[in-house]
Amino acid sequence: MSRVAAIDYETTIFTLKPDSLGPNKATLLHARTTINNQTGIYKAILYLHGYIDYYFHDHVCQRFLEHGYDFYALDMRKCGRSIISPEHDRYIHYCTDLREYDEEISLAIEHMIKQAGDRERKILLLGGLIATLYAARGARCADVDAVILNSPYLTAVKTGYVESVLLSILMKLGRTHTIHAPWYGRSIHVSGRGEWNYDVTKKPVEKMPIHGPFLSTVRTCQEEIIRGQIKIQCPILFMCSNRSLRPNRTWQDEYADVDLILDVETMKHAAGLLGPQITMHEIENAMHDIFLSKESVREKAFDIMFEWLRKLEADWSAKSKL
């Protein structure tokens, strides 16, 4: 892995409304850019992690800092740094409605707005399904100026008959079931065949819980996307791998070059329904999380992303002078 200089994050803890499982909190990390912005526009991006995940992408932060963006990352309720107690470990990334996350995302955006002060600001979201939903209908969605989607969970995962029946039971009964999903985790973590040394208690490698209520609310939102009911008005950059593959029981080297989690074709179809200002890119040989792919692959993704942002910034600058 390419070396990244130590990043000095400021940490803000948001105390959230309790739910039926007890208290909640969210953790916001903030790294300040040292690049002088000639336009006077405050540029900031908020990183939202995916399912059973948390923020550990210092290399992504570093790139945004180098391009003049303040970088924020949010560990949402019951995830990563925001797990309150050992009892919460059983409910990692548990929710009954994806709109629950609006509370901490809105608090994060309000915090970002305060950091901007009197300057004109441009706030971006980087994430997946949760970022998609918030940009479309979150309480502060009008403050979101652009969205970058990294292999978003926009459509249901393709499964076999037995898996499909199990998922249906979990959703109907609201139960949790632990599944073995080793190959993706092993393909990215240093303990296996990957290069990333993240905390496996926050992002498991071998086993992960599947919550029926979470699956139900995800399925509802995915159906709304397919029906064209989720629309984002600001510019969107959508990136995914060029290929998907369902793994079998033995390791194949190509697992490091494909999306092992989601189906690329159905994902692209759903992404095309999100709004009128979408730019779509397939990244050859990318993994599910594009920015955890091999260095040459993620460098290509960085080039695509920052070229898209450069054009967007030119538009912002031109409009600010009118």
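**Aromatic pairs in a predicted model**

Me: Why is Y51 called partly exposed?
Reply: In this predicted model, Y51 has a relative accessible area of 22%. Buried would need a value under 20%, and exposed one over 50%; Y51 lies in between, so partly exposed is the term.

Me: What makes F214 count as buried?
Reply: The relative accessibility of F214 is 5%.

Me: Why is the pair of Y51 and F214 called stacked?
Reply: The ring centres are 4.5 Å apart, within the 6.5 Å limit for a pair. The planes stand at 25°, and under 30 degrees counts as stacked, so the term applies.

Me: Which parts of the chain does this pair link?
Reply: Y51 is in the loop between β3 (42-48) and α1 (58-66), while F214 is in helix α6 (residues 212-226). The two residues are 163 residues apart.

Me: How many aromatic pairs are there in the whole structure?
Reply: The search finds 14.

Me: Why is the pair of Y47 and Y55 called edge-to-face?
Reply: Their ring centres are 5.4 Å apart, which is within 6.5 Å, so they pair. Their planes are at 65°, over the 60 degrees required, so the pair is edge-to-face. Y47 and Y55 are both buried, and ring pairs link them into a cluster with others, including Y9, F64 and F306.

Me: What makes K202 a charge over the ring of Y54?
Reply: The charged end of K202 is 5.8 Å from the ring centre of Y54, and the distance limit is within 6 Å. K203 lies over the face of Y198, at 5.9 Å from the ring centre.

How values were computed. Residues numbered from 1 in each chain as written. Predicted model: local features only at pLDDT ≥ 70, side-chain atom pairs only at ≥ 80, totals over all residues. Heavy atoms only, no water. Phe/Tyr/Trp six-rings, centres within 6.5 Å; stacked < 30°, edge-to-face > 60°. Buried < 20%, exposed > 50% of the residue type's maximum accessible area, 1.4 Å probe, protein only. Helix = DSSP H or I, 4+ residues; strand = E, 2+ residues; numbered from the N terminus. Lys NZ or Arg CZ within 6 Å of the ring centre and 35° of its normal.
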